[in-house]
Amino acid sequence: MILAEKDRKSEEDALEKMAKMRHAIETIDLNIYYGDHHVIKGVNLAIPEKVVFAIMGPSGCGKSTMLRAFNRLLELNESTRVEGDVKVFGKSIFKMNPIEVRRTVGMVFQHPNPFPHMSIYDNVALGLKLNKLVKDRKELDRIVEWALRKAALWEEVENKLHKPASALSGGQQQRLCIARVVAMKPKVILMDEPTSNLDPISTKKIEELIYELKKELTVVIVTHSPAQAARVSDYVAFLYLGKLVEVGSTVDMFENPKEKLTEEYLTGRMG
Amino acid sequence: MGKDGYIDTFKYFLLPFCLFVFGLFALMLAVYFSASIPIFKHEGLKIYTTNAWIASENPNKEFYGVLAAIYGSVYTSVLAVLIALPLSISFAVFVIDYAPRRLKEPLIVATDVMAGLPTIIYGIWGAFVLVPLLKKCVMDPLYAHFSFIPLFSFKPVTGYSYLSAGVLLGIMVTPFASAIIREAYRSLPFMYREAIYSLGATRYEATKILIKQIKPAIVAGLLLAFGRAIGETVAVSLVIGNTFNISPSLFAPGYTISSLIANQFGNAFIYKYMVSALFAAGLSLFFIGLAVNILGILILRRYGHGR
Amino acid sequence: MVDSLKVRLFKEKLFLIGIAVLTISTVLPLFHIMFSIAANGIPVLLKGGWDFITGTLAPPGGGLGGIGPAIVGTFILTVLASLMGLPVAVLTGIYAAEYPNSLIGRATKTLLMVMMEFPTILVGLFVMDIVVLPMGSYSAIAGALSLAIVMMPYVAVYTDEALRNIPPKYREGAFALGLTRFKVVFRVLIGLARKGIMTGILIGIAKVAGETAPLLFTAGGATRVYFAGLNRPVGAIPLLIYQLVQQPYTNYHEIAWGASLLLMLIFLAIFLPIRLSLKEVKL
């Protein structure tokens, strides 16, 4: 459905368009080491604004690791080392405070991880409160509702806002995590295989959400499923063993992959 | 006979040993009870509700009340837990999240050594080093300036006091409480750490949120620490002052149940009821300790931090 | 906005300094204790020389003599306690591990954990009542029984956990060979779990070698006689320290410091190698 709506321009046009757009995220010679292990090898990537950008590749290719470099979450792990640069809207994230980076670049994880000891409301309000983004309780109420509506969860939780988040189903928890991020009004949302632990119906809901979100912000989604990349993304990058193999508009890459590796991956001969 | 018709000889070989342990425990309880009966017959429950220690050659004049010891046990153990609370949580958090990597292991080994160190070592250090130190640096100045506050109202003559015992016990049980809290904190799934930092939390804010998630383990750790503190004998009896006293002041000397037993048992057999009175005191210690420990163990087990 | 971030970062810094200080405060007493014991104990050992280890106690107010009887006593008590406590402890631990879902198995585990936390003075009281009173005298046997009861739950819990941590494939493999449960456990599993069980035994020994309270009314103490028989009173280093500290004589305090240094060294010699060869221990 999403594919059909896309205008089918030529490959050159798409790349040209990419180059002209303002870049939400840009990596320059990005190298990531995990102890002695070289995980990401010299990746140069430019992610345009207000698109859905998929990073796909077989498991273990370093997708999730790279994603965590974009909001400096890798630093939580002492044994990682990052070389090169990552820019968010032209500004190097290593020259910003990590807190500012993470406020601009939100994240949704593979396992739904709302805080089980907090209520649904408090989970959504958490980032707003921490970052002092609201003036009073009324504004907080308003934004929590707005975020839950954005995450298509409001109707389901309207009457149990103060119940613990652990009472929700897996799919609902994941949408709660999306609401939690959306509430902070970030400019970019990173999603690390957000549907890999969900059933098909929940997956569909989340994918529809992603499509809605890109009207206002940039979504970078990591997935090991080419089908999902095809369904949700405008642009796609194919990562293999830590190297960027190919990047381009989703339509082009799926119809006409330039690299043999990409073709093998897309046709299911690998991965 | 088992389900499939064979006899599990292995089980029946081991079972007696298990039952022996249960029997031993039951026998202990029975011994404390039966040995306490004379004093219960002599004065009823007054043994627990009064503060008196009248030893006499004439059994009719004998009268014992161990309230001061129960009070002292609870008072010093609460002090110990109050000291252990900030120390054990800080230690657990620091060692897991923030300590330089080369320091982590040595810090943990140090607390493990502390947890295992013979308690008499704490005792001699407490009596000869800690008590004079506390008297000079804490008690004397506080008494000089704040003696109008009931907590500081007792003139610290020797330094042997509730405070000394509480501080010593606090030092002794902190490593133990911290080990339990540390395990729970370490086993928090990494995804929660990622979640809170991805929302732009500072390390302070993140720690606050994460610590709330292991509240049951903290409660259990402190309960078990309380249990250890209340059962500790020799270290306490060397610093508490061994005086029948019920005072709110931190600087007053007192007794604890275990130090009372340790101190009075030697000459108890001269009197008709004193041994029984001490067993009754032991019985109360048994029940307080049992209740606190079982509660702590159950909380740990229920919240999956079971050891 | 920027200001609020500055405030938050300032709080973060305060927090990090705060918990670092509290962490140091947690372990500082250990170093203070070790320093005090060494500073007061080493001169005593140097002055007392070999006699301090082998000799008998000096009279009040004059000289050092030695703590030989206490050292002998601690050794005898620990060996006897191990002989009494270990078999029951290991077999009980096996039961808890082999029948973890049965009522008795679960109850046993809980009981063991409760006994680990049990006030040790009460153990002494109990043994005094059932052994010392009938025998009419403090004795090595009574002291050892007390220590055996204190040691038992540690060894049992370690045995239980060592067995539970064996990957199921070994158990299945052994049963698949057609071995009886006896042989599976005693020939195969015990061998695989021996490191964990040995650790438990050593921790138990380190624990009881330093115990004082269970010996107060059982072992009795001895300062002039090394060993007079299992039914006679016997000394122990911790007990001796406890008794000497309460005496008013300076030379006795000196002896107590020297004995504390020895006790601490014995404890560290048993404990540190175990601890350093493992990731964690339970105490």
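Strands here are DSSP E runs of at least two residues, helices are H or I runs of at least four, and both are numbered from the N terminus. Two strands count as paired if DSSP finds at least two bridges between them.

Before going on, a word on the source: this is a predicted model, where local features need pLDDT of at least 70 and side-chain atom pairs count only at pLDDT 80 or more, while totals for chains, interfaces and linings use all residues. Residues are numbered from 1 along each chain as its sequence is written, and chains are lettered from A and ligands numbered from 1 in the order in which they are written.

Back to the strands. What stands opposite A:Ala54 in β8(A)? That is A:Ile221. In β9(A), the bridge partner of A:Ala54 is A:Val236, and β3(A) and β9(A) run parallel, joined by 4 bridges.

Now zoom out to the whole sheet. It is open, with 6 strands in the order β6-β7-β8-β3-β9-β10 (chain A) and mixed pairing. β6 (105-108) and β10 (243-249) of chain A stand at the edges with a single partner strand each, so one side of each has no neighbour in the sheet. From one strand to the next, the twist averages 20 degrees. Helix α8 (residues 170-182) of chain A lies across β6 and β7 (188-192), running at about 170 degrees to β6(A). For such angles, axes are lines fitted to C-alpha atoms, for helices over the stretch in contact, and the angles run from 0 to 180 degrees between N-to-C directions.

Is strand β9 (residues 235-240) of chain A mostly covered or mostly open? Mostly covered: 6 of its 6 residues are buried. Buried means 20 or more other C-beta atoms within 10 Å of a residue's own, exposed means 12 or fewer, and partly exposed is in between, with C-beta atoms placed from the backbone. In a regular strand, side chains alternate between the two faces of the sheet. Here A:Tyr235, A:Ala237 and A:Leu239 point one way from β9(A), and A:Val236, A:Phe238 and A:Tyr240 point the other.

β9(A) also pairs with β10(A), in the antiparallel sense over 6 bridges, and A:Phe238 has A:Glu246 as its bridge partner in β10(A). Their hairpin has 2 residues between the strands, and A:Leu241 takes a positive phi near 50 degrees there.

On to chain B, which has 12 helices and 2 strands. Buried residues make up 54% of its 307 residues.

Which residues touch the most other members of the largest nonpolar core? B:Ala225 and C:Ile241, in a core of 193 residues. Such a core is a set of buried Ala, Val, Leu, Ile, Met, Phe, Trp, Tyr and Cys residues joined through C-beta atoms within 7 Å. Helix α6 (residues 140-164) of chain C gives the most to this core, with 18 residues. A second, separate core of 86 residues includes A:Val51, A:Phe115, A:Leu126 and A:Val220.

Finally, confidence. The mean pLDDT (the predictor's confidence in each residue, from 0 to 100) of chain C is 92, and 97% of its residues reach 70 or more. The model scores ipTM 0.93 and pTM 0.90. Thanks, everyone!

Methods. Two residues are in contact if their C-beta atoms, placed from the backbone, lie within 7 Å.
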